[in-house]
Amino acid sequence: MAFKKYCLPIFLIILAIFPPLVLSPYWLHVMIISLFYVMMASSWNLLAGFTGQVSFAHAAFSGVGAYVSGMLAVFLGLSPWMGILLGAGAGALLGFGLGFLCIRMGGIYLSLTTLGFSEILRIIITNEEKWTRGTMGLQTPGLFAHYSKADTYYLFLIVTVLILFFIYRFIHSEWGVTFRAVLNDEVAASASGINTIQVRVLAFALTSAMAGLAGGLYGHYLMLITPDIPSLGQMFLVLAMAVIGGMGSFAGPIIGSFVLEILSEYIRVYGEYHVLLFGLVALAVARFAPEGMMGIWAKSRGRQ
Amino acid sequence: MTKSFGGLTAVKAVDFHLGEGEIVGLIGPNGAGKTTLFNLIGGIFPADTGAVLFNGRGIKGLKTFEICRLGIARTFQIVRPFLKMSCLENVLVGIIGRNEKQRRKEEEKKGEAGELLKFVGLAGEEKKLAHNLTLIQKKRLEMARALATRPKVLLLDEVLAGLNPSEIHQALELIEAIRSEHRITIFWVEHVMGAIMKASDRIIVLDQGRKIKEGKPGEVVSDQRVIEAYLGEPDA
């Protein structure tokens, strides 16, 4: 039983070692970006799919990670590795603050507040010339002395696996039960002795730290940080990945990230319209199959 | 204790106490302030004046989860189990909610949750989603979740509403078992008169926010003011 449980993840991790050996640089790039989205969608799912706080500030927190790390490297000469960790810390801190601000809000009010936060942050970054270089973007040093897509891929893979392992353990612990209790019914959870405010703020801080970490890595990989990272377009893409894959499940956002990122490479010729398409699909999924691809899969298996 | 909402005073200077291990019933016509009184005790909102003392300690101003951890658990008038969670997980939430200092193995907690499900008559339903339960099963599940917090006082808000006579009989047996086996004080609101009169040691009657009578079930039913509150005044 224990062997069977670890069989699939170990197989997938072994499989994940090969892409740099067989894929072209272009597709390796796509894989790296996919891993970034796995980190983003999975951590957003921990917040939205497990505590019911549908935040629109997740991309903004990845922007916080990217810019904090980038600016520390450019202006203070700090090593990107240190910068990324500090960026994750900055994400956690701001996430804690935003979570605290939202404790009395639910549903659409929380979404709108976080959307406002996200836009404020993006506008500040866009209009700031000296520190963030506005729309021109901030050029940052890479992670490795010698630029290597393969090394970057392995780094992204290791961090992604660590984050996923953490999320998996977390949602299968008592915390997972507590988070879902808050998602199901906050009043009843509170009347059962659960400190719902602590749960909500913790979820915000924790997932924002993950977004900050992902954003920091992403920024140093691209070596150019622009206000596109903390943009709503990016946010909706992450949201679509989690929703289409299956919110509230562990595997859903992972599958959704790979499917949508690879798909978007094929429909890139239609420009920004691919985000529109994903938005429409996500809407349809949310309406007709709220548990996403994972839900459809579970249902078809149940029927057999 | 007094509580007003705008111009309406829902609970007016109500004063009472609960003894250890007692079953006390709270009755009164619709809008008498019964649920408001419950919410005042449970900390859903604070009383304007007056205090709730629990073992001599004032609990006014404490948050809902803190009151629960002190030992006051409740069920809801309209059942609120965690619908998309299994029965076992529902009860587990109450156990986690105790916030015990010493750490215990998860298996141990799950075992305890299973025992509680068995106690309320939900053995074998551990993995079923709460969503798929019948009304009485949901009520039983809520009681198990409340018991899981290890309360000293259990507040039951109309647990018998919507149940048929044989289900009411089962529920009353369960309430009696909760008192005798867990030594828990029970304070309950009920509209099913026969049941509450039979099972309670003491009855408190509210009407328009005031306490109009307190006493043994037998005394209460023959009290002129109580009859008036329910049926109207003789010459009206």
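The buried residues of α5(B) pack against β6, α3, α4 (106–119), β7 (153–157) and α6 (165–182) of chain B. Here a residue is buried if 20 or more other C-beta atoms, placed from the backbone, lie within 10 Å of its own, and helices (H or I, at least four residues) and strands (E, at least two) are DSSP runs numbered from the N terminus. This is a predicted model, in which local features need pLDDT of at least 70 and side-chain atom pairs count only at pLDDT 80 or more, while totals for chains, interfaces and linings use all residues. Residues are numbered from 1 along each chain as its sequence is written, with chains lettered from A and ligands numbered from 1 in the order in which they are written.

**Helix α5 of chain B**
- Helix α5 covers residues 135–148, and its 14 residues reach 20 Å from first C-alpha to last, close to the 20 Å expected at 1.5 Å a residue; the expected span is 1.5 Å times one less than the number of residues.
- Twelve of the 14 residues of α5(B) are buried, so the helix is mostly covered.
- Among the buried residues are B:Ile136, B:Leu141, B:Met143 and B:Leu147, and also the charged B:Lys138, B:Arg140 and B:Glu142.
- Just after α5(B), B:Arg150 has a positive phi of about 55°.

**Chain B as a whole**
- Chain B has nine helices and ten strands.
- Of its 236 residues, 42% count as buried.
- The radius of gyration of chain B, taken over C-alpha atoms, is 18 Å, which agrees with the value near 18 Å for a compact globule of 236 residues; the globule rule is 2.2 Å times the number of residues to the power 0.38.
- Along the principal axes, the C-alpha atoms of chain B fill a box of roughly 65 × 40 × 30 Å.
- Among contacts (C-beta atoms, placed from the backbone, within 7 Å) between residues at least 6 apart in sequence, 68% join residues at least 24 apart in chain B.

**Contact between chains A and B**
- 16 residues of chain A are in contact with 23 residues of chain B.
- On the side of chain A that touches chain B, α8 (174–184) and α9 (186–191) each supply at least two residues, and α8(A) gives the most, with six.

**B:Met85**
- B:Met85 lies in the loop between β6 (72–74) and α3 (87–97) of chain B.
- B:Met85 is buried, with 21 other C-beta atoms within 10 Å.
- Not counting residues up to four places away in sequence, B:Met85 touches A:Arg180, A:Asn184, B:Asn90 and B:Ala130.

Terms used. Two residues are in contact if their C-beta atoms, placed from the backbone, lie within 7 Å.
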